[in-house]
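Here is a friendly briefing to read alongside the model. Keep the viewer open and follow the topics in turn.

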Amino acid sequence: MLKQTLQQKLLQKLSPQQIQFIKLLQVPTVSLDARIKEELEENPALEDGSLINMNEPVQEYPDKDPDEQYEGEDNSFDEEFSVDEYIQDDDFNDYGNSYGGDDEEDRKEMPIAIQSSFFESLQNQLDLLALDDKNFLIGQQIIGSLDDDGYLRRPILSLIDDLAFSQNVIAEEEEVLEMLKIVQDFEPAGIGARDLQECLLIQLKKKNNDNEAVKKAIIVVQNYLEEFTKKHYDKLEKALGLNSEELKNIIQEILKLNPKPGDSGAAAGKQLHIIPDFHISNNDGVLHLTLNGRNAPELRVSRSYQEMFEHYEKVEKTDKKMKEAVQFVKQKLDSAKWFIDAIKQRQQTLLKTMNAIMEYQYEYFLTGDDRMLKPMILKDIADRIEMDISTVSRVANSKYVQTEFGTFLLKSFFSEAIQTDSGEEVSNKEVKKILEECISNEDKRKPLADEKLTDILKEKGYSIARRTVAKYREALNIPVARLRKEL
């Protein structure tokens, strides 16, 4: 049975502006430019002040509070303004000097090396061979089926089906395998392998076969690959009748090989470019925090739109189209003002959060020593700046700080506390640092097991369980003792 009732509910909901601010807060500096550019394109009432004040240099790390950047901006609409000047400025900004005027440093783009891609390189090698049309198409299909790391993981029978359906080529399995051998002779060595074993064998067989270590390495990869990967060196010595020195030479030959030959060409073009959000400098023992200038863009509300709105407000709005025009202009002006305020609030939140982190970890930022890091969780900073934990989390997860000893993600400064035997609370990063030093200084012929590492830490006053040591070791990307063994 259907019936209508009235109910009153008290709910907490985020406004659209709050949701937009949250998204804007977690945007990293490298993506902020694109977000601002998108807003400038969508909202004609918003202007980039740096293009208007072209004679003013833009500092990458301005030594001033972001709030000061906008002083006097609210009064900018009170100045006299003529239509002629507006048209002149428009033409000048949009056409006359659209490619100049900014700081030259900001306009420089990172040069990109022009080089052949991995697949283009293979195709060029295929073009140099004297092949009939059928084998050429088979070779093309094989190259096109390779993964980015250079392996052929598609079954041969599937390749035959692909040739039949896409190229209208009927090929036998032997023909495809024969062409695969030709592709496997291409550079870089190891291309076209169907598994790791075949990849390593292709590379070894291209080496000098007169070298005894290479011959033995081929035998190891062909027959004892599992023992080699698990570092059962005693079994290899016994099976091949080798001494430690001979096995060491063989292992060195295998370790020189590239397990992912396809990545060799692509990796050269890949560059990780991090733009720090903050900069901390040490001036005679006093830390100084500045915000990256890219986080403080010179945005302003368009004067022409402001004038237009004031004009429309004075006109009698009896016409429906006039009302719509006023509503449109007002919406764009409100949106522009909100976006500018959101950027300012973003700057204040970033500075407030980073300043609290710097003050909390002051000794660490002075020295750069991981052992000086205090235990710190999100709640510690949230309580200091009187903001929600989620706000601190959004800042810490995507922002970087540049110091005199490196550039770090803010998240890396947060760590849990561990209590020592003396009752003192220390950061688990300190324990990880000691663990890393113990492993780096160990005898690689007899690496330290997790149980032994636990005992060493206990001797130093850190009473933690073996499973915790294993967890920290894995977090540091350090393998188990058996896999760290060297001859």
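## A buried asparagine and its surroundings

Asn 43 is buried, with a relative accessible area of 2%; buried means under 20% relative accessible area, exposed over 50% and partly exposed in between, with a 1.4 Å probe and protein chains only. This is a predicted model, in which local features need pLDDT of at least 70 and side-chain atom pairs count only at pLDDT 80 or more, while totals for chains, interfaces and linings use all residues. Residues are numbered from 1 along each chain as its sequence is written, and side-chain values use heavy atoms, with hydrogens and water left out.

**More on Asn 43**

- Asn 43 is placed in the loop between α2 (29-42) and β1 (46-48); helices (H or I, at least four residues) and strands (E, at least two) are DSSP runs, numbered from the N terminus.
- Leaving aside neighbours within four places in sequence, Asn 43 is in contact with Lys 332, Ser 335 and Ala 336, where contact means heavy atoms within 4.5 Å.
- The side chain of Asn 43 also reaches the backbone oxygen of Lys 332, at 3.1 Å.

**The whole protein**

- There are 23 helices and 8 strands in the protein.
- The protein has 487 residues, of which 37% count as buried.
- The protein exposes about 29,900 Å², and carbon and sulfur atoms supply 47% of that area; accessible areas come from the Shrake-Rupley method with a 1.4 Å probe, and for residues only the protein chains shown count as cover.
- Taking contacts between residues at least 6 apart in sequence, 66% join residues at least 24 apart.

**Aromatic rings**

- The count of aromatic pairs comes to 7; rings of Phe, Tyr and Trp (its six-membered ring) pair if their centres lie within 6.5 Å, with planes under 30 degrees apart counted as stacked, over 60 as edge-to-face and the rest as tilted.
- One of these pairs joins Tyr 364 and Phe 365 in an edge-to-face arrangement, 5.3 Å centre to centre with 70° between the planes.
- Ring pairs link Tyr 364 and Phe 365 with Phe 405, Phe 408 and Phe 413 into a cluster.
- Over the ring of Tyr 360 sits the charged end of Lys 374, 5.9 Å from the ring centre; the rule here is NZ of Lys or CZ of Arg within 6 Å of the ring centre and within 35 degrees of the ring normal.

**Leu 373**

- Leu 373 lies in the loop between α18 (362-367) and α19 (378-385), and is buried, with a relative accessible area of 4%.
- Not counting residues up to four places away in sequence, Leu 373 touches Gln 361, Tyr 364, Phe 413, Ser 427 and Lys 429.
- Leu 373 and Glu 430 are 57 residues apart along the chain, yet their C-alpha atoms are separated by 7.3 Å.

**Salt bridges**

- The structure holds 15 salt bridges, each a side-chain nitrogen of Lys or Arg within 4 Å of a carboxyl oxygen of Asp or Glu.
- Lys 134 and Glu 175 meet through their side chains in a salt bridge of 3.1 Å, N to O.
- Lys 134 lies in helix α7 (residues 133-144) and Glu 175 in helix α9 (residues 173-183), so the pair ties together parts that are 41 residues apart in sequence.
- Both ends are partly exposed: Lys 134 at 31% relative accessibility and Glu 175 with a relative accessible area of 27%.
- Glu 226 and Lys 230 form a salt bridge, their closest N and O atoms being 3.2 Å apart; Glu 226 is exposed at 51%, and Lys 230 is partly exposed at 36%.
- A network of salt bridges links Asp 147, Asp 149 and Arg 153.

**Helix α10**

- Helix α10 (residues 196-205) is mostly covered, with 7 of its 10 residues buried.
- The buried residues of α10 include Cys 199, Leu 200 and Ile 202, and what covers the buried residues includes α11 (212-223) and α12 (225-229).
- Glu 198 is buried at 17% and forms a salt bridge with Arg 194, the closest N and O atoms being 3.0 Å apart.
- Arg 194 counts as partly exposed, at 39% relative accessibility.
- Asp 195 caps the N-terminal end of α10, with a side-chain oxygen 3.3 Å from the backbone nitrogen of Gln 197.

Notes
A polar contact is a pair of N or O atoms within 3.5 Å; within protein, one must be able to donate a hydrogen and the other to accept it, and residues adjacent in sequence count only if both atoms are side-chain atoms.
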